[in-house]
Amino acid sequence: MMRLLFALALLFSTAAFAVEPGEMLADPALEARAREVSKSLRCVVCQNETIDESNAELAKDMRLLVRRRILAGDTNAQVLHYMVQRYGDFVLLKPRFTAITALLWTGPALILILGAFGWVRVARRGTGAPPPLSAEEAAQVAALKDEPT
Amino acid sequence: MTSSRWLYLLPIAAIVFLVAMFGKRLVDVENGSDPHILPSVLLNTPVPAFSLAPLPGRPASTAKPFTTDDLKGHVTLLNVWGSWCIACLEEHPMLVEIAKEGVVPIASIDWRDTPERAQAWLAEHGDPYTEIGQDPHSATAIDLGVTGAPETFLVDAQGIIRYKQIGPITPEVWQTTLKPLIASLQK
């Protein structure tokens, strides 16, 4: 029972975040936007984390910068663009859809369609009736039938 | 084979392609290419404007704000460092040597540091810098796309970033990359 509860607790645990109370904006709507933007930005130090999660000092400075930009009136898109201007596309966690990344974005769907196509073909053909025997094979069967096993 | 059979070769071709790509990257990393390094998007663009408080306790000529204007008129190495940064300590003797060579001035940004700690660190390890600006909250570091310390920018006489060294400047980097580039920019 305890193990089941423990497993359930783990299943529903959420990711940690590194935002300290001192960083948060007073306006909850703006703070929510800041969190949303932070979750789309990659920490350039710990590169598998968002700046929202990362404990790196630079991540903290970037979180504060995001909040300053939002207070200065930037939209979410403008704040993201501000960061991309300085760090490049890699700082976005969701790669932009460009000619280069098109295959990355559409690849899984394409493979799924290809696989579905292949599956339908195989399913439709099915086992079916085997082709008729050739003369040589018919003679072999006849010979086998005549011999008692 | 019928045309539909060729279609079933596609997944195999895709796998072969992927394995080749992964293999190439593995070989690159083995040969020293660091997958964590973010290439600079600011190459061949002007240094983002900044005006930083100078580190106190240095020659009177540096007791004014360190700004982007100070980078114009000559080729400069702009080094981002901090007294907390171990790799900067590794790099520092190299910077002291470069300063002695007199080929190029080294200005710097003291990143996320306090004046007291920075002054103590420089007193102990040497001060090769012409200018030192303080950036306690990463404002300028982020404008420069800094991801860690030490990072060094090679800025030409017009204030354009021509090269970014991520990580310490080793003797090899100095001799084979930076020095020739500086020479060509100084012509």
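This is a predicted model: local features need pLDDT of at least 70, side-chain atom pairs count only at pLDDT 80 or more; totals for chains, interfaces and linings use all residues.
Residues are numbered from 1 along each chain as its sequence is written, and chains are lettered from A, with ligands numbered from 1, in the order in which they are written.

**View 1. The contact between chain A and chain B.**
Chain A brings 21 residues to the contact and chain B brings 19 residues (heavy atoms within 4.5 Å). The buried area is about 1,700 Å²; this is the accessible area (1.4 Å probe) that the two parts lose on being put together, summed over both. Carbon and sulfur atoms give 59% of that area. In chain A, the residues that lose the most area to chain B are A:Asp61, A:Arg86 and A:Tyr87, together 33% of what that side buries.

**View 2. Polar and charged pairs across the interface.**
Between chain A and chain B there are 5 residue pairs in polar contact, both residues at pLDDT 80 or more. A polar contact is a pair of N or O atoms within 3.5 Å; within protein, one must be able to donate a hydrogen and the other to accept it, and residues adjacent in sequence count only if both atoms are side-chain atoms. The interface also holds 3 salt bridges (a side-chain nitrogen of Lys or Arg within 4 Å of a carboxyl oxygen of Asp or Glu). B:Arg112 pairs with A:Glu57 in a salt bridge at 2.7 Å, N to O. On the side of chain A that touches chain B, α3 (57-71), α4 (76-87) and α5 (102-125) each supply at least two residues. Helices are DSSP runs (H or I, at least four residues), numbered from the N terminus. The largest share of that side, 6 residues, comes from α4(A). By class, the side of chain A that touches chain B has 13 nonpolar, 4 polar and 4 charged residues. Here Ala, Val, Leu, Ile, Met, Phe, Trp, Tyr, Cys and Pro count as nonpolar, Asp, Glu, Lys and Arg as charged, and the others, Gly among them, as polar.

**View 3. A salt bridge within chain A.**
Over all chains the count is 18 salt bridges. A:Glu20 and A:Lys60 form a salt bridge at 3.3 Å, N to O. A:Glu20 sits in the loop between α1 (2-11) and α2 (28-39) of chain A, and A:Lys60 in helix α3 of chain A, 40 residues apart.

**View 4. The largest pocket.**
The largest pocket holds about 1,000 Å³ of space. A pocket is an open set of points on a 1 Å grid over the protein atoms alone, with protein on both sides within 12 Å along at least five of seven lines; lining residues have an atom within 4 Å of a point. Grid points are joined across faces, edges and corners, and a volume is the space filled by probe spheres set on the points. Of its 29 lining residues, A:Leu103, A:Leu104, A:Gly107, A:Pro108 and B:Leu18 are closest to the centre. α5(A) gives the most to this lining, with 10 residues. The lining has 21 nonpolar, 5 polar and 3 charged residues.

**View 5. The largest cavity.**
There is 1 cavity of 30 Å³ or more; in a cavity a 1.4 Å probe fits but cannot get out. The largest cavity has a volume of about 50 Å³. Its lining includes A:Arg86, A:Tyr87, B:Leu38 and B:Lys164.

Key: Side-chain values use heavy atoms; hydrogens and water are left out.
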